[in-house]
Amino acid sequence: MSQLLGIDAGNTMIKAVLFDLSGRVLSVAECAGETLQPQEGYAERPVEDIWHGVSVAVTRCLQQAGSAANEVIAVGAAGHGNGLYALDKQQQPLFGIQSIDHRAIETVQGLEASGNDKAIYQLSLQKPWPAATPVLISWIKQHQPDRWAQIGHLLCAKDVIAHFLCGAISAEVSDAAGAGLIDYRQRNYSHELMALYGIEEALNLLPPLGESCAVVGHVTARAAQLTGLPSGIPVVAGIFDVVASAIGSGVVKTGEASIVAGTWSINQVVVDKPDYQRPVFMNSIIENDRFMAIEASATSAANLDWFLREFDDGRAGNGAADSSDTVAHVEPNPQLPLYHPYLYSGRKSEPAKAGFYGLSGWHTRADMLFALFEGVTFAHRAHIDRLRAAGIPFTHATLSGGAARSCIWPQMFADVLGVPIRVAECKETGALGAALCAGVGVGVWPDLAMAAQQAVRLNPGELQPRPERFAFHDARYRVFKRLELAMSEMWHEVG
């Protein structure tokens with residue numbers, strides 16, 4: 001029976017997941033990488049580390065699958081958006097910058113001071129922010145001219161994977177659009193857009209654009225040796241990971257909403273025309289006739305990863321699951337602390353900081369975890385409020401990412417947002433979205449809508465918002481936002 005391999009590359013973790021054509025997971029393996037922080041605000045990951053992670057994860061995944069591994073017919077990859085990965089002129093690794101990097105704050109401030117940010121939005125439907133790909137390109141050109149001179153190719157994260165597997169230098173529209181590289185008038189790069197960033201030369205360093213499901217090459221003998229994949233099978237261009245997670249959750253039709261709670265707080269709605277009452281943070285593309293309106297920031301479940309890493313105090317077992325159980329037993333009351341989930345700054349160019357507020361001597365670790373879970377969900381609500389203010393309503397949403405696996409977080413999302421929440425049955429929605437792209441690319445399905453219809457399943461029922469809990473969280477959310485406003489000036493002083 002034919003199988004599809006999906007690879008999902010986040011800022012640190014790389015997962016390889018083997019699916020049958022019904023969307024059932026046959027095997028899954030992962031390889032953790034490391035975020036390098038050579039200076040404050042920097043977040044880097046070498047290209048070689050991605051190659052190594054893909055090799056290890058795919059090898060383990062196929063070994064687990066046994067004989068099913070011989071039936072892989074195509075490969076697709078999803079990768080974190082934005083950031084910047086570069087190869088030199090000989091197509092050898094040069095550097096990698098992740099999407100949680102914050103070195104280019106002053107570059108963004110310069111674009112805002114000149115007014116170029118408004119012109120950029122008119123063309124790209126993307127607001128400049130520190131880890132946006134063209135912002136980082138501009139920063140490299142300005143601050144590291146020697147490195148700039150070495151660059152031969154500028155890639156997104158999943159493009160690095162395609163190059164590793166088949167040797168292609170490729171790019172595609174969903175990732176390029178989410179990275180702010182596409183002029184929507186042309187659905188392509190443009191000299192005018194690059195000139196606003198002062199990086200016209202980058203047009204010669206960006207790969208040709210294609211569609212997400214297009215075959216860009218075939219697994220090389222070398223890649224087959226390193227991964228165990230059958231040599232010669234097709235590799236598709238791949239897809240922006242947030243769009244992949246939406247597709248892998250079954251969110252492909254106009255008006256459907258996807259919330260991804262992972263490293264980033266991703267809140268997105270499928271629209272048929274990117275025409276809004278006010279600007280949104282980011283836009284992407286789904287196939288030829290649909291767009292994804294996105295509000296996002298690095299303010300989601302990575303906060304829990306940090307808390308467990310730094311304050312686990314030797315507890316054994318599954319930290320994330322144990323934390324969910326802990327939060328489930330906290331009795332809501334107005335005296336619980338609040339938490340700003342801004343470990344990696346917020347949505348704006350200001351240097352927002354994380355913080356617990358209202359802590360007293362009687363508060364417990366469980367109370368702090370409740371505040372963290374709630375604060376992350378509040379950050380999602382802030383983004384969803386912006387989508388609604390832009391005239392992009394929705395009546396329910398599908399949740400994916402790490403928070404979707406919690407016993408308590410999906411219900412908290414319903415209570416905080418005030419809308420019913422569905423949860424995808426498959427836990428690896430990003431990899432599934434990438435695999436569905438691969439299936440469309442080799443003709444298993446005619447398009448992604450049909451692929452999602454046939455290969456995506458949701459858990460039974462919807463989680464309904466509870467009116468008394470909505471009222472409780474709503475009151476605390478308003479204090480959360482007032483604290484944010486009060487802290488804004490202080491963040492500048494301590495940032």
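Ser-323 is buried, with a relative accessible area of 2%; buried means under 20% relative accessible area, exposed over 50% and partly exposed in between, with a 1.4 Å probe and protein chains only. Ser-323 belongs to helix H12 (residues 319-328). Helices (H or I, at least four residues) and strands (E, at least two) are DSSP runs, numbered from the N terminus. With its neighbours within four places in sequence left aside, Ser-323 is in contact with Leu-304, Leu-308, Leu-369 and Phe-373, where contact means heavy atoms within 4.5 Å.

The model is predicted: local features need pLDDT of at least 70, side-chain atom pairs count only at pLDDT 80 or more, and totals for chains, interfaces and linings use all residues. Residues are numbered from 1 along each chain as its sequence is written, and side-chain values use heavy atoms, with hydrogens and water left out.

**The six-stranded sheet**

Six strands make up an open sheet with mixed pairing, in the order S15-S16-S14-S13-S19-S20. Its edge strands are S15 and S20, each of which pairs on one side only. From one strand to the next, the twist averages 25 degrees. Helix H10 (residues 241-248) packs on this sheet and touches S13, S14, S15, S16 and S19, and its direction makes about 65 degrees with that of S14. Such angles run from 0 to 180 degrees between N-to-C directions, and axes are lines fitted to C-alpha atoms, for helices over the stretch in contact.

Strands of a sheet pair through backbone hydrogen bonds, either parallel or antiparallel. Two strands count as paired if DSSP finds at least two bridges between them. The table lists pairings from this sheet and one from another sheet, described further on.

| Strands | Bridges | Direction | Residues opposite each other |
|---|---|---|---|
| S15 and S16 | five | antiparallel | Ser-284 and Met-292 |
| S13 and S14 | five | antiparallel | Ala-257 and Val-269 |
| S13 and S19 | three | parallel | Val-260 and Ser-400 |
| S19 and S20 | three | parallel | Thr-398 and Arg-422 |
| S5 and S7 | four | antiparallel | Leu-87 and His-153 |

Strand S15 (residues 282-286) has five of its five residues buried, so it is largely enclosed by the rest of the structure. In a regular strand the side chains alternate between the two faces of the sheet. On one side of S15 are Met-282, Ser-284 and Ile-286, on the other Asn-283 and Ile-285, and all are buried. Strand S16 covers residues 290-297. The hairpin of S15 and S16 has three residues between the strands, and Glu-287 takes a positive phi near 50 degrees there.

Strand S19 (residues 397-400) is also covered on its two sides: Ala-397 and Leu-399 point one way, Thr-398 and Ser-400 the other way, and all are buried. S19 pairs with strand S13 (residues 257-261) and with strand S20 (residues 421-423). Both of these pairings are parallel, whereas S13 runs antiparallel to strand S14 (residues 265-271).

Strand S5 covers residues 84-88.

Helix H6 (residues 157-166) is mostly covered, as ten of its ten residues are buried. Among them are Lys-158, Asp-159 and His-163, along with Val-160, Ile-161 and Phe-164. Gly-167 follows H6 and has a positive phi, near 85 degrees.

**Helices H15 and H16**

How do H15 and H16 pack, at what angle and how far apart are their axes? Helix H15 (residues 429-441) and helix H16 (residues 448-455) pack at an angle of about 120 degrees, with their axes 10 Å apart. That makes H15 oblique to H16, because angles under 35 degrees count as roughly parallel, over 145 as roughly antiparallel, 65 to 115 as roughly perpendicular and the rest as oblique. The contact is made by Leu-432, Leu-436, Cys-437 and Val-440 of H15 and by Leu-448, Ala-451, Ala-452 and Ala-455 of H16. These residues divide into eight nonpolar, no polar and no charged. Ala, Val, Leu, Ile, Met, Phe, Trp, Tyr, Cys and Pro count as nonpolar, Asp, Glu, Lys and Arg as charged, and the others, Gly among them, as polar.
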